[in-house]
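User: Could you walk me through how the side chains pack in this protein? I'd like to start with the aromatic rings.

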Amino acid sequence: MATNITWHEGAVSTAERQTLLGQKGFTIWFTGLSASGKSTLATALEQTLLHSGISAYRLDGDNIRFGLNKNLGFGPDDRTENIRRISEVAKLFSDAAVVSITSFISPYRQDRDSARQLHEAAGIPFIEVYADAPLDVVEQRDPKGLYKKAKAGEIKEFTGISAPYEAPEKPDIHIKTHELSVEQGVQLVLDHLVKQGLIPADKLTKA
């Protein structure tokens, strides 16, 4: 860990930044198995917020591994470091009064709890969204052919097959993606954000 460093406070407070930009920053954390619908929901949510004039940015699990986390694998330690890094990035976006939308399998409950604690310690709202679909459903969807490869032994440490997924016990929002449409799932998230006073209802376009 680095030593001989000092935190440098800026000249603009969080409240002042939010007032100047006309919105609050917070993190919406989508978690779930591969092919559970996380990225689809996150993409649709980002589009709805942006079209409503609300600044939002989506951080996708695969996309992040092309750059920031390209040196990480899929073993337990690397998975934890993957989530630690993206938690910090999401917090920075949210601190800048942007709605940060993350879409990561994030299989370990402790890692997700750490992400929440990081945000809460900074006074930043953190909303965990569980994109829930049974294993047999995601195996049938399998848009990337990953489950087939994992079952054939071609992919090691694949979540849901050869590596564990610890489902959220009390997610802020629970979306059963095999029962609801994308539009209905996005609306559940928007309703929650409005109820929590994070976004104004009259600013939203229809999901």
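Predicted model: local features only at pLDDT ≥ 70, side-chain atom pairs only at ≥ 80, totals over all residues.

User: Are the planes of tryptophan 29 and phenylalanine 126 stacked, tilted or edge-to-face?

Analyst: Their ring centres are 5.7 Å apart. Planes under 30 degrees apart would count as stacked and over 60 as edge-to-face. Here the planes are at 35 degrees, so the pair is tilted.

User: And what about the rings of tyrosine 147 and phenylalanine 158?

Analyst: Tyrosine 147 sits in helix α7, and phenylalanine 158 in the loop between α7 and β5. Both residues are buried. With ring centres 4.9 Å apart and planes at 85 degrees, the pair is edge-to-face.

User: Which residue lies over the face of phenylalanine 74?

Analyst: For this one we look for a charge over a ring, with a cut-off of 6 Å from the ring centre. At 3.9 Å from the ring centre of phenylalanine 74, the residue is arginine 65.

User: Which element gives the largest share of the largest nonpolar core?

Analyst: That core has 23 residues, and Leu45 and Leu49 are among those touching the most other members. Elements giving two or more residues include β1, β3 and α8. With five residues, the largest share comes from α2.

Definitions and conventions. Residues numbered from 1 in each chain as written. Heavy atoms only, no water. Core = buried A, V, L, I, M, F, W, Y, C linked by side-chain atoms within 4.5 Å. Buried < 20%, exposed > 50% of the residue type's maximum accessible area, 1.4 Å probe, protein only. Helix = DSSP H or I, 4+ residues; strand = E, 2+ residues; numbered from the N terminus. Phe/Tyr/Trp six-rings, centres within 6.5 Å; stacked < 30°, edge-to-face > 60°. Lys NZ or Arg CZ within 6 Å of the ring centre and 35° of its normal.
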